[in-house]
Amino acid sequence: MYDLLLKNGLVYLDGTFRKCDVAVKGEKIAAVLDSGDPYAEAGQELDLTGKYVLPGIIDFHCHLREPGPQIEFEDWESCTKAAANSGVTMVCGMSNGLENEMTDAATYDKAVALAEKSAVVDFMIAGCPMGFFGGKEMPTRSPFYKFKQRDFPGPLGDSEGTANSWYMNQLFEEIAKQGKYVQIHPMDMDYHNALLEKIREMPGEKTSLSIFPYYYGEDEMAAGIWHLAYYARKHHLKWQALHCWHRAYIDVIRMLKKQGDMDLLASIEFCPSNGLSDHMKDLVTGGTIDVGHCELPEWDYVWEAVADGTIDLFGSDHCPQSRENYYNPDAFKSSKGIPGMDCYGHLLLNEVNNGNLTMEKLVQCTSENGAKAYGWYDRKGSNLPGTDADFSIADLNEIWTCGEEKIYTKVRIHPYYGMQIKGRFIYTIVRGKIVMDHNEILVQPGHGKFIS
Amino acid sequence: MKHVDLYLKNGLVYTNGCFEKINVGVAGEKIAFYELPGSEAAEESEQSAARVIDAKGLHVLPGVIDFHCHIREPGLDEKEDYTTGTKAAAHGGVTAVCIMPNNLVGDISTPENFEYTIECGRKHALIDYVPIPSPRAFKEGAVPKLCEMGATYFKIKSKVPNDPVFPYGDNWVLDQALQEVARTGKYVAVHPMDVSWYYGTVEKIKNSGEPVDLMHALPQLYGEVEMSSHAWQLAYFFRKTGCKWLALHCYHKGYIDLVRMLKKEGIMDIVASVEILPTSIRNFDLLYDRNTGKTIPLGHPGKPDWDYVWEAVNDGTIDFLGSDHSPHRADQYHPETPFQSVQGVPGEDFYTDLLLDAVNQGKLTMERLVEVTSVKGAKIMGWSQKGTNRIGTDADFTICDLKKEWTVDDSFPIYSKPGLDSLYGQKLKGKVTHTIIRGTVVMEDDQILVEPGFGRFLKPDGK
């Protein structure tokens with residue numbers, strides 16, 4: 001007798017979807033059976049005829065706020081509920097914005113303990129490796145690290161440069177020694193600073209809508225990438241190239257992968273790059289927040305890079321921030337994050353329906369590739385018997401309007417309010433437990449586990 | 001009867017991609033004909049020739065071009081002027097020379113500076129000369145004007161302290177400058193330098209506990225990381241702007257790998273050069289002052305893996321060579337305070353000799369030597385009159401005795417102004433015997449035979 005039987009669904013196995021039944025016992029997949037197996041019995045059965053059963057979606061890049069100064073906008077419970085709401089079974093929380101920027105082991109352990117109490121889906125936190133320079137004990141429990149190229153200690157000589165190469169070299173050496181991957185947001189600081197200066201000098205009112213399109217542009221990111229590439233290659237660094245959505249950035253990653261002498265992953269993060277959230281709905285005040293968007297990519301080019309394997313991973317880059325600060329009179333200081341977690345998974349299905357990627361590709365980029373790189377495969381990302389029973393179950397045909405459903409993010413801002421979406425995650429199952437059933441969260445905080 | 005001004009007989013002459021034993025007839029400034037030695041025609045030509053050189057056992061190369069050197073006029077003439085610099089070059093087998101703008105008047109960036117430089121060369125140069133301007137006055141519209149005046153390519157050195165136009169590694173300005181040059185279709189040569197790496201290295205040297213002098217410091221500068229990491233960064237802006245890139249000083253692994261990859265991918269217009277003097281192709285650690293007999297302990301910058309460099313030279317990753325002859329006065333070297341000292345290595349007087357020595361060591365073939373000292377570069381620069389030994393083109397030849405074993409000593413003059421000799425006492429195999437420019441023997445057996453003013457400003461075709 002199984003605990004849970006997923007019947008008649010299209011199940012992702014060995015690179016493709018096929019109709020079969022999945023039996024769950026405890027936290028694990030007990031068996032994959034022919035559809036309609038007459039001998040299978042379970043305490044609970046879900047008839048998933050016509051539905052897709054994906055290995056649980058991992059959000060490889062999002063921002064949580066606990067512990068940290070922005071906890072009033074998000075905590076582990078609210079964020080992981082929003083994740084489950086969106087089909088996500090595991091979140092990778094970024095260091096920046098958290099207490100001490102997650103640069104030391106003690107704060108890291110504290111964050112993990114807090115998450116263990118409150119999370120409803122599995123999680124990891126990407127520690128920041130910059131503590132290396134302060135002589136801190138680095139958060140080595142972290143499965144991988146994250147930093148922005150701008151994070152380095154102060155400049156040497158007269159130039160900030162693309163980053164501080166001297167320090168970057170030392171850091172890469174250390175991380176390579178630890179054998180960990182590191183996610184890096186590339187940023188040519190020369191270019192970025194000069195650009196900001198230029199925007200300040202431009203005529204006209206400076207608002208988020210008018211200035212944000214200059215941020216995270218192709219030059220700033222792609223120039224940074226070439227420079228990073230040298231040091232990453234030098235140290236045989238395991239490198240996840242973040243925000244790989246501009247043409248020139250994609251081109252260099254594609255070329256480096258073709259050379260085949262680097263350990264290189266590339267990812268795209270959807271919330272800041274899809275341009276669907278220029279005017280967010282403030283569910284508290286009922287007003288509209290005109291946040292705008294950063295420099296947008298050519299999405300046809302991005303989808304091509306997803307299809308040909310240049311892009312390995314997806315993340316949401318869910319980024320809850322103070323609502324007041326979206327109205328900061330100094331637009332340069334205003335919040336620019338998009339708290340999109342509640343809709344992230346659904347938006348991906350919508351892209352499948354738009355013909356931009358296949359369901360198989362979606363699985364690879366949301367679980368399989370990353371689980372393999374980070375050492376979680378086949379426990380995560382495989383749907384194989386004996387592995388964690390994490391599933392994201394999708395109805396690819398449902399057409400619905402964002403805003404009609406409940407959202408769980410604490411900040412109560414809906415970036416996609418009113419948007420029509422085709423495709424919806426209807427169940428999120430984490431280690432055998434149904435965490436989300438049609439927009440309702442069914443488990444208590446603390447179900448989520450730290451995945452190392 | 002044929003009109004022959006100069007007749008080179010019995011030499012091994014580079015034509016059509018290889019060396020063959022053939023005689024060359026020169027009429028006026030041009031190569032007029034080839035004919036087989038011992039033929040009746042050959043006898044006739046020899047009879048009628050105003051001057052005959054018997055090149056038996058010698059190689060006749062298309063005139064060697066030094067694609068990168070520092071002659072210090074105008075601005076720092078006390079270190080090297082057009083006369084001394086081009087005499088040294090002719091002595092080193094060089095028939096045309098590209099002169100870098102850094103540290104010269106206005107960095108040779110305005111039409112006025114450029115005009116003045118051309119004029120200096122016209123009066124003082126003994127070989128053909130190519131002043132290379134800087135694009136730093138691009139905002140004032142100088143770039144198209146410089147091209148109109150005959151600029152062949154542009155050069156930027158990244159590290160110029162307190163430079164208001166290109167502050168350390170300012171990619172924002174670099175981007176604009178490259179966009180501007182891209183419109184002209186000219187190459188921009190950049191000396192890549194990761195400035196924060198450089199400063200990190202300087203601090204490390206100062207705090208190392210080792211003696212802080214040139215001999216210890218210099219080998220740690222211009223290293224793999226300092227140069228290669230910036231080259232990788234430059235790649236982005238060159239590709240983005242579509243500006244043609246002359247990747248200078250491509251002698252470190254990470255840099256060579258980059259250029260090889262970019263060429264293989266075919267995604268941008270890139271050529272690469274190696275400059276041989278500052279890269280310890282030989283032991284240049286001691287500068288012997290021919291005037292005083294004193295020795296300056298210099299050391300050498302960079303420490304390239306020369307096997308790797310030669311591989312890149314031979315597989316086509318590297319397109320051409322330069323000397324990077326960098327003369328300074330003896331009193332400007334301060335070995336005990338390396339960061340207040342000049343650091344350049346002179347060596348124009350034996351530039352081609354060094355390369356012949358490398359051929360004798362099996363590092364490259366004579367054919368490849370010709371390709372990287374003249375054929376490829378001349379083609380890239382757009383000088384159809386140079387570099388090929390084709391009939392009808394300029395009669396520029398570098399004649400070499402590949403077998404000659406000799407020692408650099410006082411019998412070998414140094415024409416470079418400061419009289420500093422970085423090879424004093426060392427043995428070489430292979431020596432230039434004649435330098436011939438536009439049909440005139442400019443140098444023969446270490447003696448200079450023409451007067452200042454013989455050299456011409458060399459422009460790309462059509463200018």
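Before I go on, a word on what we are looking at. This is a predicted model, in which local features need pLDDT of at least 70 and side-chain atom pairs count only at pLDDT 80 or more, while totals for chains, interfaces and linings use all residues. Residues are numbered from 1 along each chain as its sequence is written, and chains are lettered from A and ligands numbered from 1 in the order in which they are written.

β1 of chain A covers residues 2-13, and strands here are DSSP runs of E with at least two residues, helices being runs of H or I with at least four, both numbered from the N terminus. Which way do β1(A) and β5(A), residues 52-55, run relative to each other, parallel or antiparallel? They pair in the parallel sense, over two bridges; pairing requires that DSSP finds at least two bridges between the strands. β1(A) also pairs in the parallel sense with β4(A), residues 42-47, over five bridges, and there A:Leu4 stands opposite A:Gln44. With β2(A) the sense is antiparallel, over eight bridges, and A:Leu13 stands opposite A:Thr16. β1(A) and β2(A) form a hairpin with two residues between them, and A:Asp14 in the turn has a positive phi of about 50°.

A:Val53 has other contacts to mention. Leaving aside its neighbours within four places in sequence, A:Val53 is in contact with nearby entries such as A:Leu6, A:Val22 and A:Phe391, among them also A:Ile393. Contact means that the C-beta atoms of two residues, placed from the backbone, lie within 7 Å.

Next, the domains. Chain A is divided into domain 1, residues 2-53 + 386-441, and domain 2, residues 58-373; such bounds come from an automatic or database domain assignment. The centres of the two, taken over C-alpha atoms, are separated by 27 Å. Between them, 34 residues of domain 1 of chain A are in contact with 42 residues of domain 2 of chain A. Which element gives the largest share of the domain 1 side? That is β18(A), with seven residues. By class, this side of domain 1 of chain A has 20 nonpolar, nine polar and five charged residues. Nonpolar here covers Ala, Val, Leu, Ile, Met, Phe, Trp, Tyr, Cys and Pro; charged covers Asp, Glu, Lys and Arg; the others, Gly among them, are polar.

Chain B is also divided, into domain 1 (6-60 + 393-406 + 418-448) and domain 2 (63-381). Here 28 Å separate the centres, taken over C-alpha atoms. The contact takes 29 residues from domain 1 of chain B and 36 from domain 2 of chain B. β20(B) supplies the largest share of the domain 1 side, seven residues.

Now the contact between the chains. Chain A gives 27 residues and chain B gives 24. On the chain A side, α3, α4, α6 and α7 each supply at least two residues, and α6(A), residues 218-235, gives the most, with nine. That side has 13 nonpolar, nine polar and five charged residues.

One helix of chain B deserves a minute. α5(B), residues 171-182, has twelve residues and reaches 16 Å from its first C-alpha to its last, close to the 16 Å expected at 1.5 Å a residue; the expected span is 1.5 Å times one less than the number of residues. Its buried residues include B:Leu174, B:Leu178 and B:Val181. Buried means that 20 or more other C-beta atoms lie within 10 Å of the residue's own, exposed means 12 or fewer, and partly exposed is in between, with C-beta atoms placed from the backbone. What do the buried residues of α5(B) pack against? Among the elements are α4 and α6 of chain A, and α8 of chain B.

On to the core. A nonpolar core is a set of buried Ala, Val, Leu, Ile, Met, Phe, Trp, Tyr and Cys residues joined through C-beta atoms within 7 Å. The largest one has 277 residues, and those touching the most other members are A:Val53, A:Val121, B:Val60, B:Ile127 and B:Val188. Its largest share, ten residues, comes from α6(A).

β13(A), residues 279-282, pairs with β17(A) over two bridges, and A:Asp282 stands opposite A:Ile413.
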